Amino acid sequence: MTKPPSTTGQKIEHAFEKALDPFATALKRATRTPGSDAAPAAAPAPAAAGKPGLTISPLAVPFPTIPPIGGVEIATARAGFYKHERDDLVVFRFARGTSCAGVFTRHKIGSAPVDWCKKHLAGAEGGKDVRALVINAGCANAFTGKAGADAARRTASEVAKRFGCRQRDVMLASTGVIGVVLDDKKIVAKLPEIENGLEADAWARAGRGIMTTDTFPKGSYAEAEIEGYKVRIAGIAKGSGMIAPDMATMLAFIVTDADIHPNVLQALLGLHVRTTFNSVTVDGDTSTNDTALLFATGTSGAPRIGRVGDRRLKSFSAALDKVMLDLAHQLVRDGEGATKFVKVTVDGAASPASARKLAKSIADSPLVKTAIAGQDANWGRVVMAVGKTEEPVDRDRLAIKFGPHQAAIDGAPSPTYDEAKMTAYMKNPEIDITVDVGSGRASATVWTCDLTKGYIEINGDYRS
C-alpha cells in the first residue's frame, strides 16, 4: 500500500503527479496511431528533474536527436554540489584552434565565471584557440569576492593542465545558489573520471547535467551549408526562473563544426541574441550568471569565414538563429510553474525600442500573467501594461487581440467581442497576444509564460 502524503508540500506534489502527469500524457499521444484505441507503444521515461519533487512542465518538449559534432567531446559527472544523486558537472573538450564568442549578463554583480570568460574573450587573442568549457550546477559562485575568483582560476588551471592548454583557453560557467564560494576541489577530484568519459555523443547527458529548477533538458540542432559543405550546429541551454532579457538564470552553449573567426562569431551571436535569448522573460528578474557561448571547431571541411557580412554565411546565420530561438522558447516552456506559452507582439510602435519596451511590459506584468494562468482574457490588464510605460501610444487607435479574436479596437471594446469564443481560446496551452498601439510602424515580439502558484512553491524553498 502506498503511504499517503503527510505534508502540504507532499500533498501538492502528489496531486500534481496524479492529476497532470503532462509529459507522460504527451508521450502517449505521440506514440498512438491516429484513430486507434490500442495501447500506445512503450515510451522512454522522461528525464529526472534537476531538483527532486518538481513536476515536469506541461509545455515540455522532447530532447532532440543530436549527432556528434566534429571537434568536440563531452563528459559529465557527479561532483557533489547537490545532495541528491545527479550529474552536476559537465566538461566540453574542443579541437585545437576552436573559435569562441560569448554574450553575458548585464547584471552589475556578475559572477566569477562571467568575469573570467569576459576577460579572456576580450583579450588580444581572445576566442582564437579555446580548448575546454567547464560547467557546474548547484553553486553560482556569484557575489563571492576574491575567494570566488580564485576558485574559478584554480578550476581553469587544473583543467588546462589535464588538457594541455593555457588557463585562458578554458571557459567557465556556473549556476545555482548565489553567495556560496565554489568548492573547486570537487571539480578537480572528478577530472580523471571526466577525461576517461569524454565522448562525442553526450549531448543529452550534458543537457541534464546543467539543470537546476529546470524540469526537462533543453537541446536543439540544425544544419546549414557553406559553399557546398554541410555544417552542423548543436546547442543546450538551462533556465527556468530568474529569466529576463539582458540576458534571459540562463546558460546556453552552442557548438558548430564550421570554421569561423571569433570576430565573425561574436557578430553573429550579438545579431541573433536580441531576438532570441533577450526576447524571453519568465519573471522579469535577470541573473548574475547568464552566459551564452558559441564555439566553432572548424572540422567540417568548409572554408574559413573571416569577414563579417560574408554572403556565404546566409544559410549558417539562419540556422544559428533557429537553434537560438528554439532554445529560448524552451526556457519559457520550462518557466517555473508555467502552464501557458505566451507570445506577445506589439505592432504600430513609434520605434523598435519602443515596441520592445511595450511588449516586455505586457509580458512581465504579474496581473497579465496571472490572468492568463486563470484562463481569463482580461484585456484591461493589457491596457494597463501598455499605458504605464510612458511610450508613445494613440489611445483612440489601440487594438488588442487574443489569437484570432478581437478584444478591443480603436480604443474601445470590440463590437464583435464574443466571451464564449474568447474563453475557449484561453484554455489553449499556447496563447498569442497582439497589440497595435497606433503610433508608428515598428514591431517587436517577446515570449513569456503565465504566473501560477507553482512559481511561489518552487522559489519559496529554492535553497533547500
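Visitor: How much space lies in the largest cavity?
Guide: This model is predicted. In the model, the space in the largest cavity comes to about 50 Å³.

Visitor: Which element gives the largest share of the lining of the largest cavity?
Guide: Among the residues that line the largest cavity are P113, V134, N141, T155, L172 and I187. Two or more lining residues come from each of β4 (132–139), α4 (145–163) and β5 (170–177). The largest share, three residues, is given by β5.

Visitor: How many residues of the lining of the largest cavity are charged?
Guide: The lining includes N136, A152, A173, S174 and L182. By class, seven of the lining residues are nonpolar and four are polar, while the number of charged residues is none.

Visitor: How many charged residues does the lining of the second largest cavity have?
Guide: The second largest cavity has a volume of about 50 Å³. Its lining includes E125, K128, D129, R166, R168 and D169. Two nonpolar and three polar residues also belong to this lining, and the charged residues number six.

Visitor: Is H120, a residue of helix α3, buried or exposed?
Guide: Helix α3 spans residues 112–121 and is mostly covered, with seven of its 10 residues buried. The buried residues include A112, V114, W116, C117 and L121. H120 also lines the second largest cavity. Within α3, H120 is listed as buried.

Visitor: What covers the buried residues of α3?
Guide: One of these buried residues is P113, and P113 also lines the largest cavity. The cover over the buried residues of α3 includes β3 (99–104), α4, β5 and β9 (291–296).

Conventions
Residues are numbered from 1 along each chain as its sequence is written. This is a predicted model: local features need pLDDT of at least 70, side-chain atom pairs count only at pLDDT 80 or more; totals for chains, interfaces and linings use all residues. Side-chain values use heavy atoms; hydrogens and water are left out. On a 1 Å grid over the protein atoms alone, a cavity is a set of points where a 1.4 Å probe fits but cannot get out, and a pocket is an open set with protein on both sides within 12 Å along at least five of seven lines; lining residues have an atom within 4 Å of a point. Grid points are joined across faces, edges and corners, and a volume is the space filled by probe spheres set on the points. Helices (H or I, at least four residues) and strands (E, at least two) are DSSP runs, numbered from the N terminus. Ala, Val, Leu, Ile, Met, Phe, Trp, Tyr, Cys and Pro count as nonpolar, Asp, Glu, Lys and Arg as charged, and the others, Gly among them, as polar. Buried means under 20% relative accessible area, exposed over 50%, partly exposed in between (1.4 Å probe, protein chains only). Contact means heavy atoms within 4.5 Å.
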